[in-house]
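What follows is a walk through one protein model, taken from its salt bridges to its domains. Please keep the sequence and the structure in view while reading.

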Amino acid sequence: MNQQNVTETVSQSNSVLTSLEQFKSWAKENGFIYPSSEIYGGFAAVYDYGHYGILLKNNIQRLWEKSMVQEREDVYLLDSGIFMHPKTWVASGHVGGFEDVLVEDKKTHKRFRADHLVEEWFEKHGKSVDMDKKTAAELSELIKANNIKSPDGNELTEPRSFNLLVKSNMGTTDASFNNENVTYLRGETCQGIYLEYKNFRDTLRPKLPFGIAQVGKAFRNEIVARQFIFRTREFEQMEMQYFHNPKDKEKLFDMWKNERMNWLVNVLGISSENLRFKKHEKLVFYATAAFDIEYNFKTLGGFKELEGIHDRGDYDLTQHSKFSGEKLDYFDQESGERFTPHIMETSVGLNRLLMMVLEEGWVVEEIVNAKGEKDKRIVLKIKPELSPIKIAILPLSRKIELQTKAKEVLNILKGTYQTQYDETASIGKRYRRQDEIGTPYCLTVDFDSLTDNSVTVRDRDTMKQERIEISQLKDYFKLKL
Ligand code: ATP
């Protein structure tokens, strides 16, 4: 008898992740994300990514590059240094103005972002308040007028501004910036793009509009460290800066808003009800128009920023030109115009995308298992393109003949797909494990495989099984994946 022919069925599917604590421990137990430096008691607001976390993150990054670079003809890639000339951050305005407003609980000395406390208070009291870019003085007034306390019910200190740049020291001997060799870890990746605008223009000679895209780490001395990988002190950004003639601004702004929203829905498979645009009413100093795309993070209590689409005007190139003394303009051969290009940016946190994908895909289902019993499974219903493991290869038992056959199958597939070989525990447990990390296909090698040269392929979502000849597997998965 073919021991795999009894299939499982879903009877109910409804649960979603709602608590951040549950999310954190699930992500750790399943090898996606670990809190940093745990053996030393932890290190706040830093997380390490495990095997499945990295595979998933790489898949998101690859899909971003595919749509932002590969499928376009006007966007180029860059990988600039994390360290840049310290003047970069003076020119960009970060040394003077990259600040959050902080308050401290007078008793416990815990620190909070003042805007977050005020916003939470207003939400709790069913009132609305516009929290866009409030100054320390404005926040102080709101705290006093409403008698807002810390989450532990204690008095708060006067709000004060806190610079977010992470300072470092380097053996630089550059006399033009003589401030005890202070340097900064980059607070955003896009500054590296502005510094390379001239080299791209001189070497690749692109015509406007064109973009430069970069994925990399950014560092911020974030005050609050309570939101898992949503807000960390070290994170990855995927930013694209689109250099253009300001006369095309409106058309291009709409284009990028649509492109980015469509990517989230069609490529990452996020349901459109969980996404929305939010217009910035009050703009930061460099922006002339700005929208965020927000995702409904259930574990964070609602819609929160995922990506920014900003029209930064000519601020960045003008500033860097002023501080460096280099001409960073553009000569349009057709019109004979010379001008400083304006910049439109799309800026998204890779870690926030990863958090969204996990939240969106995480489901608990009540099922009837292969033995006909009621059971439960957690299944990560994400698009197969995103799945860390595409195919799991499972010999039904540890019999040497089955292991040998399963390894044969593994060798056929592992060069093309990220596969996993697993022979531990019962087949039911191994299915649960693969469901939980989002593996779209499990492939079981049983005793019949030894004679019919076929395997059972199980689909993650439907749990339906079909028998496929080993010689047909490559073609089968070419269609499926
Ligand atoms: P927030 O208002 O949440 O602090 P921001 O407006 O400062 O974010 P930007 O400077 O526009 O964010 O950065 C672009 C993107 O980088 C954000 O939309 C977010 O996805 C990501 N990002 C920013 N700060 C962090 C952080 N501390 N941890 C993880 N991702 C971040």
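The rule applied here, a side-chain nitrogen of Lys or Arg within 4 Å of a carboxyl oxygen of Asp or Glu, gives a count of 39 salt bridges. The model is a predicted one, in which local features need pLDDT of at least 70 and side-chain atom pairs count only at pLDDT 80 or more, while totals for chains, interfaces and linings use all residues. Residues are numbered from 1 along each chain as its sequence is written, and side-chain values use heavy atoms, with hydrogens and water left out.

One of these salt bridges pairs Glu38 with Lys28, with 3.2 Å between the closest N and O atoms. Glu38 lies in the loop between S2 and S3 and Lys28 in helix H1 (residues 20–29), so the pair ties together parts that are 10 residues apart in sequence. Helices (H or I, at least four residues) and strands (E, at least two) are DSSP runs, numbered from the N terminus. Glu38 is partly exposed at a relative accessible area of 41%, and Lys28 is partly exposed at 34%. On this scale buried means under 20% relative accessible area, exposed over 50%, and partly exposed in between (1.4 Å probe, protein chains only).

A second salt bridge joins Glu365 and Arg377, whose closest N and O atoms are 2.8 Å apart. It links distant parts of the chain, with Glu365 in strand S18 (residues 362–368) and Arg377 in strand S19 (residues 374–380), 12 residues apart. Both Glu365 and Arg377 are buried. Asp461 and Arg460 also meet through their side chains in a salt bridge, at 2.7 Å from N to O. Of this pair, Asp461 is partly exposed at 30% relative accessibility, whereas Arg460 is buried at 3%. Salt bridges with shared partners connect Glu365, Asp375, Arg377, Lys381, Arg432, Asp435 and Arg458 into one network.

Arg432 and Asp435 are among the buried residues of H12. Seven of the 10 residues in H12 are buried, and just after the helix Gly438 takes a positive phi of about 85 degrees. Asp422 sits in the loop between strand S21 (419–421) and helix H12 (427–436). Asp422 is buried, with a relative accessible area of 10%. Its side chain makes a polar contact of 2.8 Å with the side chain of Thr424; such a contact is a pair of N or O atoms within 3.5 Å, where within protein one must be able to donate a hydrogen and the other to accept it, and residues adjacent in sequence count only if both atoms are side-chain atoms. Leaving aside neighbours within four places in sequence, Asp422 is in contact (heavy atoms within 4.5 Å) with Ile393, Leu394, Pro395, Arg430 and Arg433.

At the level of the chain, the domain assignment, which is automatic or from a database, gives domain 1 (3–21 + 374–480), domain 2 (35–80 + 186–358) and domain 3 (99–163). The contact between domain 2 and domain 3 takes 11 residues from domain 2 and 14 residues from domain 3. The rule finds one salt bridge across this interface: Glu222 pairs with Arg113, the closest N and O atoms being 3.9 Å apart. The protein chain has 14 helices and 24 strands, and 52% of its 481 residues count as buried.
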